[in-house]
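Let us walk through this structure step by step, beginning with the ligand and its surroundings and then turning to one of the sheets.

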Amino acid sequence: MDPRKFRNALGQFPTGVVVATARTQAGELIGMTMSSFNSVSLDPPLILFSVHRKTMSFEAWQSISRYAINVLNEDQEQVSNQFARAGGNKWEDISVLTSASGVPLLPNAAVVFECVNHARYDGGDHEIFLGRVEAMHEHAFTRGRPLVFFEGRYRQLASTATAHAPPPGVELLHGW
Ligand SMILES: Cc1cc2nc3c(=O)[nH]c(=O)nc-3n(C[C@H](O)[C@H](O)[C@H](O)COP(=O)(O)O)c2cc1C
C-alpha cells in the first residue's frame with residue numbers, strides 16, 4: 001500500500017472539522033483539531049474520534065475522563081489551524097467557556113457535545129476514543145454552515161448547493 005495514495009484516497013471522503021477540548025487533572029487546557037469525529041450510537045449516545053499516538057498531548061488524552069467535541073463553523077478555519085499546530089499555544093486569544101462539569105468549550109462552535117470517556121481501542125498508529133454524550137449545546141445564533149474538509153483542503157458548502165432528503169423508505173441508520 002502506497003501511503004500517499006492511501007491518504008489521497010481517504011481524502012475523497014468529506015468530513016466536518018471538530019476541536020476536541022479538555023482540562024487535565026493538573027488543570028492544563030488541551031485541544032486538538034480532528035476530522036476523525038463520527039457518530040456511533042443513539043442509545044446510548046456514543047461518538048468516536050481517533051488520536052495519533054505521536055501527538056504531544058496523546059498521554060494527556062489518555063488520562064482524561066471528560067472532554068468536549070466542538071463542531072466548527074465555516075468561519076472558524078483559523079481556529080482549526082490554531083488547534084492543529086503541534087505544541088503551539090492553542091488557547092491564545094480564545095475566550096474559553098467552561099461547562100457545568102468543568103470542561104473547556106470553544107465559543108461560537110456550531111454545536112458542542114460534552115462527553116465522558118466510554119472506551120478506548122487500539123487503532124494502529126491512532127487510538128480510537130469512544131465518548132458517551134452527556135450534554136449538548138447548540139449555539140443557535142451562530143449556527144450557520146459547517147467547516148468542511150475534503151481532499152486536504154478546507155471547503156465551504158455553497159448556499160446554492162442542491163440538497164435532497166433521502167426519500168421515505170431509505171433507512172439512514174436505525175433511528176436516525
Ligand atoms: C483538518 C484537520 C484534521 C485533523 N484530524 C486529526 C485527527 O482526526 N486525529 C489526530 O490525531 N490529528 C488530527 N489532526 C492533526 C492534529 O490536529 C495535530 O497533530 C495537533 O496539532 C496535535 O497537537 P499536539 O501534538 O500538540 O498534541 C488534524 C489536523 C487538521 C488540520
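A backbone N or O atom of A86 lies 3.3 Å from an oxygen atom of the ligand, a polar contact in the sense of a pair of N or O atoms within 3.5 Å. Taken alone, the ligand exposes 640 Å², of which the protein buries 83%, with accessible areas computed by the Shrake-Rupley method with a 1.4 Å probe. This is a predicted model, in which local features need pLDDT of at least 70 and side-chain atom pairs count only at pLDDT 80 or more, while totals for chains, interfaces and linings use all residues. Residues are numbered from 1 along each chain as its sequence is written, and side-chain values use heavy atoms, with hydrogens and water left out.

Elsewhere, an open sheet of three strands has the order β1-β11-β12, with antiparallel pairing; strands here are DSSP runs of at least two residues, and two of them pair if DSSP finds at least two bridges between them. Because β1 (15-16) and β12 (153-156) stand at the edges with a single partner strand each, one side of each is left without a neighbour in the sheet. Two bridges join β1 to β11 (residues 147-150), and T15 stands opposite F149 in β11.

Technical notes
Polar contact = N/O pair within 3.5 Å; in protein donor to acceptor, adjacent residues only side chain to side chain. Helix = DSSP H or I, 4+ residues; strand = E, 2+ residues; numbered from the N terminus.
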